[in-house]
Amino acid sequence: MSDFATYEQLAALDPTSTEVVGPEHLDLNGHMNISHYYTFGGRTMWSLNETTLGMPDGYIAERGMTTFTAEQHLRFLAESHAGDELAMVARAIDRGSRALHLASVVLNTTRGQIACVTETLVVHVDFSTRRPVPFPDDVAAKIDAALADSADLRLPISGALGIRR
């Protein structure tokens with residue numbers, strides 16, 4: 001038996017966003033195209049940065065720092081079709097001094113399934129030099145608080161990505 005969070009546990013969380021799969025989201029196979037999973041997952045993780053992790057839209061202008069995506073992994077678990085309602089949630093998984101492992105989950109609430117998990121490794125950078133730098137103490141503290149808040153909810157991640165120690 002898996003110790004990953006179930007659909008029911010994830011569906012009980014407040015979604016970051018919701019979408020309805022429309023005809024514009026479909027590919028030639030009649031299901032939602034991969035690009036939309038990336039878009040929905042990316043928006044959800046960005047929202048987590050803005051609202052919880054201390055890196056809002058003004059972070060570049062105000063502090064001269066940002067994050068760059070270093071690696072992503074997309075894991076499909078169920079199809080989504082036109083008319084299906086989706087809910088997205090995101091969580092921080094782990095962090096190092098200059099890197100952050102995030103994941104977003106697309107829940108197909110119409111079918112009661114986990115549709116997709118997107119994992120992303122981002123590197124915290126000085127925007128002027130475009131080189132990795134440590135998270136400021138206040139941001140690191142917010143990330144650590146988010147990690148602690150979701151420590152008991154293990155997302156169904158692949159294990160392919162992680163923070164190097």
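Predicted model: local features only at pLDDT ≥ 70, side-chain atom pairs only at ≥ 80, totals over all residues.
Tutor: Residues are numbered from 1 along each chain as its sequence is written, and side-chain values use heavy atoms, with hydrogens and water left out.

Student: How many helices and strands does the protein have?

Tutor: Four helices and six strands. Here helices (H or I, at least four residues) and strands (E, at least two) are DSSP runs, numbered from the N terminus. Along the sequence the pattern reads α-β-α-α-β-β-β-β-β-α.

Student: What makes the radius of gyration agree with that of a compact globule?

Tutor: The radius is taken over C-alpha atoms, and the globule rule is 2.2 Å times the number of residues to the power 0.38. For 165 residues that rule gives a value near 15 Å, and the protein has 16 Å, so the two agree. The C-alpha atoms fill a box of roughly 45 × 35 × 25 Å along the principal axes.

Student: Why is Leu102 called buried?

Tutor: Buried means under 20% relative accessible area, exposed means over 50%, and partly exposed is in between (1.4 Å probe, protein chains only). Leu102 has a relative accessible area of 2%, so Leu102 counts as buried. Leu102 is found in strand β4. Across the protein, 42% of the 165 residues count as buried.

Student: What does Leu102 touch, leaving out residues up to four places away in sequence?

Tutor: Contact means heavy atoms within 4.5 Å. Among the residues that Leu102 touches are Met45, Leu48, Leu53, Ile93 and Thr118.

Student: How do you know that Val117 is buried?

Tutor: Its relative accessibility is 1%, so Val117 falls in the buried class. Val117 sits in strand β5 (residues 113–126). Beyond its neighbours within four places, Val117 is in contact with residues including His73, Arg75, Val105 and Ile157. Val117 and Arg75 are 42 residues apart in sequence, yet their C-alpha atoms are 5.2 Å apart in space.

Student: And what makes Thr66 buried?

Tutor: Thr66 is at 6% relative accessibility, so Thr66 gets the buried label too. You'll find Thr66 in strand β2 (residues 65–76). Tyr59, Ile60 and Val123 are among the residues that Thr66 touches, setting aside residues up to four places away in sequence.

Student: Which residues have the most contacts inside the largest nonpolar core?

Tutor: A nonpolar core is a set of buried Ala, Val, Leu, Ile, Met, Phe, Trp, Tyr and Cys residues joined through side-chain atoms within 4.5 Å. The largest one has 17 residues, and those with the most contacts inside it are Leu53, Met55, Leu100, Leu102, Phe135, Val139 and Ile143. At least two core residues each come from α2 (34–51), β3 (85–95), β4 (99–108) and α4 (137–149). The most come from α4, which gives five. A second, separate core has 12 residues, including Leu10, Ala103, Leu155 and Ile157.

Student: Which residues of α4 are buried?

Tutor: Val139, Ala140, Ile143, Ala146 and Leu147. Seen down the axis, the buried residues of α4 fall within an arc of 125 degrees, so they line one face of the helix. The arc is that of the directions from the helix axis to the C-beta atoms. An α-helix has 3.6 residues a turn, so residues three or four places apart point the same way. On the other side of α4, Asp137, Ala148 and Asp149 are exposed.

Student: What do the buried residues of α4 pack against?

Tutor: They pack against α3 (59–63), β3 and β4. The buried residues of α2, for their part, pack against β1 (17–20), β2, β3, β4 and β5.

Student: Last one: why is Ser150 called buried?

Tutor: Ser150 has a relative accessible area of 10%, so Ser150 counts as buried. Ser150 is found in the segment after α4, and Ser150 touches Arg91 and Ala92, not counting residues up to four places away in sequence.
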